[in-house]
Amino acid sequence: MAALKHLLDFEGWRRSEVESLLETARLMEEVLERPMKKVPALKGFTIATVFFEPSTRTKTSFELAAKRMSADVVSFAVSGSSLSKGESYKDTLLTLQAMVLDAYVIRSPVAGMAHQAAGWLRGSVINAGDGRRAHPTQALLDAYTLLDELSQLEGKKIAIVGDIAHSRVARSNAELLPLLGADVWAAGPVGLLPEVLKGARLTSNLAEALSDADAVMVLRLQKERMQDGSLPSIREYISEYQITAERMNLARPGALLLHPGPMNRDLELAGTLAEGSHSRVERQVRAGEAVRMAVLYHLLVGRAA
Amino acid sequence: MSLLIKNALLVDGAGEHGRGDVLINNGKIASLSGGEAATTIDGSGFVLTPALFDPHSHLRSPGQEVKEDLRSGLLAAAKGGYAAVVAMPNTEPAIQRPEDVRGLYQQASRLDGARLLLAAALTEEQQGRRLTPAGLLRQAGAVLLSDDGRSNDDAGVLARGLLYAAAASLTVAVHAEDTSLRGEGLMNDGALSAQLGIPGNPAEAEAARIARDLEVLRWAVRKAAPLGHQVRLYVQHVSSKRGAELIEMAHADKLPVYAEVTPHHLTLTAENWRSFDPVFKVAPPLREPEDVDALLRALESGVISSIGSDHAPHTRAEKERDLQNAPFGIPNIEVAFPLLFSELVDKRGFPLAKLIARMSDGPREALGMKEIRLRVGEVADLMLFDPGASRSVDPATFLSKARYSPWQGWRLKGWPLLTLLAGKEVWRDAALA
Ligand SMILES: [Zn+2]
């Protein structure tokens, strides 16, 4: 496998590369099961988290992943307001680079930021979410969680439900899961569906997407969709698209239920489902740490032995 | 001062006229067949044309001189082969009072480079509500009224603005995009914007607004005609196939509408957004190849009669922000001609005389001015360019303050060697001996 320098999205990735990464994640998860949850794999490396929008969960997950492998971690919160009006983001990042960093975990509310940073910086860039565009480590942890129980994704039907148009989670999963052979469906109200979602079949008919699904991935519904007019009524959304126990019955028995968090209980998901037998939400969180350890390891050291 | 340009190929908006020896005396063309001159330039292998006229440029003065100022903007224009530039009024503050116009002309009179012409705001602060005094602005020397940078959302205000402008013999230029359909759109709305997860600005936002503005124009023509006033609407930077179709339909209806296209909408597409580089961020956005083809056809047929640069400089730092926080706009005034000569004339066989017509006659006509021809007695606003030698676009050599370019590294022919404004050299390239 050619050494990958950045993780920006899955464009140009091959199945074997994804599988190798997930294999490393499995080794990393073994580390997490030990009493002493630390290995020296990244000793001497310095990793920066650069967050242009706040996200405690993702940031914590990356930082913990880096620390478990003995890397040094520095964090920068670069809120829009802390940057003056004419300030160059490139200059801001080059100032950080002067501190001699090996990798940058970048989160931004705007699509393309991680790509731009990769063009400016010498080190590895890991996209921790850019606008509506991509959230590759989320998709990797979703794939990891699914593979954990389905053993393989070939021919498996995965339904992504909710605000597809504005979701980086949907975009990255639609890119990644078909690479592993999955049949991806994306369902939501017509105003929240994009014109195309490469890798997925789009439908506003929830039942069609859920029917015989092996897994259901529920997206977080942003309340601002009410303000920008793309969603006329929360009440109507709940009535037509909320994932309930009854609707889960349309999927295969024992179908897995995933959610990237944080969850709006009783909005996109009936409250009781999160703790029910379908739910793998907690599993996703631990998978996230293992996957992020694997990503950092792959980008900084290379393929696992 | 007299100047003789010998043996250059003569081309103007009317056609190609073979080789000639053009004598310039007292700011005018004195002869096309030689004569005595203080200075002689050997024009062999070069093409002499009327200088270009830019109806749409953002020179950022007053208030945004960090992006561009009159000095840098007018020099850059002259280097690009332009003898005159119409500067847009979306400055800080907006150019909207007669004294603003007079003050800027006074500043420009001390500067080298192309001649400054000013567009003034159609409405106060370009807010689209209260009209500015068209008659007084015209007296002060404004040549156009426009709220460019913004769209005129209030149709009634635009309608009355067209009437008052017509009474003052001024054209009104509009940035036609429906604000609510455009929404937060950054790039062309379509399959690619959906794939990249970048908010889309649909071609329908432009078409819807052009369609509405044409009905507003129809109303203004009906009101102004009995009074003998000539209404003129100028639709800036048409970017879509549908936009061009609507203009064509309006021409069939004899509506007095003039349409403009920019160098970037003719040479770049939404595909460029795959780079996530804000240098491609412009409004209206870069469209699809089929739009580019339709714009080229419209340019050739005359449906689009004018090429405006929409030169929109920003600082490099501003363009090194993320796609949302970087400002809209592409600087291009120094490369517009070589770009279009190379991409349209050289590669696609677009007639050179027509390109000159669209970059000189068309914009003048839209503003109610007469065209410039290569004939004895005509003012010597001229450009000499080299159709043969190719050179890479190198933003480091720009005279504009905006030293970056979406065409960086493109190899182009047709670089202007000499630009004359009423016989006076305002640009001479080092390559010209
Ligand atoms: Zn405009």
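**Notebook: chains A and B**

I started with charge pairs across the two chains, and I counted one salt bridge between chain A and chain B. I'm working from a predicted model, so I checked the scores as well. The predictor gives the complex an ipTM of 0.92 and a pTM of 0.95. For chain B the mean pLDDT is 97, with 100% of its residues at 70 or more.

**Entry: the A–B interface**

Which residues make that salt bridge between the chains? I found Lys90(A) paired with Glu320(B), their closest N and O atoms 4.0 Å apart. I also looked for polar contacts across the interface of chain A and chain B, and eight residue pairs came up. On the side of chain A that touches chain B, helix 3 and helix 4 of chain A are the elements that give two or more residues. Helix 4 of chain A gives the most there, with four residues. Sorted by class, that side of chain A has seven nonpolar, seven polar and ten charged residues.

Next I looked up the extent of the interface. I got 24 residues of chain A in contact with 20 residues of chain B. Between them the two chains bury about 1,800 Å², and 52% of it is on carbon and sulfur atoms. Tyr89(A), Val110(A) and Gln116(A) supply 26% of the area chain A buries against chain B, more than any other three residues.

**Entry: helix 4 of chain A**

Is this helix mostly enclosed or open? Six of the eight residues of helix 4 (residues 113-120) of chain A are buried, so the rest of the structure largely encloses it. I noted the buried ones as Met113(A), Ala114(A), Gln116(A), Ala117(A), Ala118(A) and Trp120(A). They pack against helix 3 (89-97), strand 3 (103-108) and strand 4 (124-130) of chain A.

I picked Leu258(A), which sits in strand 9 (residues 256-258) of chain A. Its relative accessibility is 1%, so I put Leu258(A) down as buried, the cut-off being under 20%. Beyond its sequence neighbours up to four places away, Leu258(A) touches several residues, including Asp142(A), Leu146(A), Val218(A) and Arg280(A). Leu258(A) and Arg280(A) are 22 residues apart in sequence and 5.6 Å apart in space, C-alpha to C-alpha.

Then I went to Leu70(B), in helix 1 (residues 70-79) of chain B. Leu70(B) is buried too, with a relative accessible area of 4%. Leaving out residues up to four places away in sequence, its contacts include Leu59(B), Leu104(B), Leu111(B) and Leu116(B).

**Entry: salt bridges within the chains**

How many salt bridges are there over all chains? My search of the whole structure gave 44. One of them joins the side chains of Arg201(A) and Asp183(A), at 3.4 Å from N to O. Arg201(A) is in strand 7 (residues 200-203) and Asp183(A) in strand 6 (residues 183-187) of chain A, and the two are 18 residues apart. Arg201(A) is partly exposed at 46% relative accessible area, and Asp183(A) is partly exposed at 26%.

My last pair was Glu378(B) with Arg375(B), 3.0 Å between the closest N and O atoms. Glu378(B) is buried at 6% relative accessible area, whereas Arg375(B) is partly exposed at 37%. I also noted a network in chain A, where salt bridges that share partners join Glu29(A), Glu33(A), Asp148(A), Arg283(A) and Arg286(A).

Notes:
Residues are numbered from 1 along each chain as its sequence is written. Chains are lettered from A and ligands numbered from 1 in the order in which they are written. This is a predicted model: local features need pLDDT of at least 70, side-chain atom pairs count only at pLDDT 80 or more; totals for chains, interfaces and linings use all residues. Side-chain values use heavy atoms; hydrogens and water are left out. Buried means under 20% relative accessible area, exposed over 50%, partly exposed in between (1.4 Å probe, protein chains only). Contact means heavy atoms within 4.5 Å. Buried area is the accessible area (1.4 Å probe) that two parts lose on being put together, summed over both. A polar contact is a pair of N or O atoms within 3.5 Å; within protein, one must be able to donate a hydrogen and the other to accept it, and residues adjacent in sequence count only if both atoms are side-chain atoms. Ala, Val, Leu, Ile, Met, Phe, Trp, Tyr, Cys and Pro count as nonpolar, Asp, Glu, Lys and Arg as charged, and the others, Gly among them, as polar. pLDDT is the predictor's confidence in each residue, from 0 to 100.
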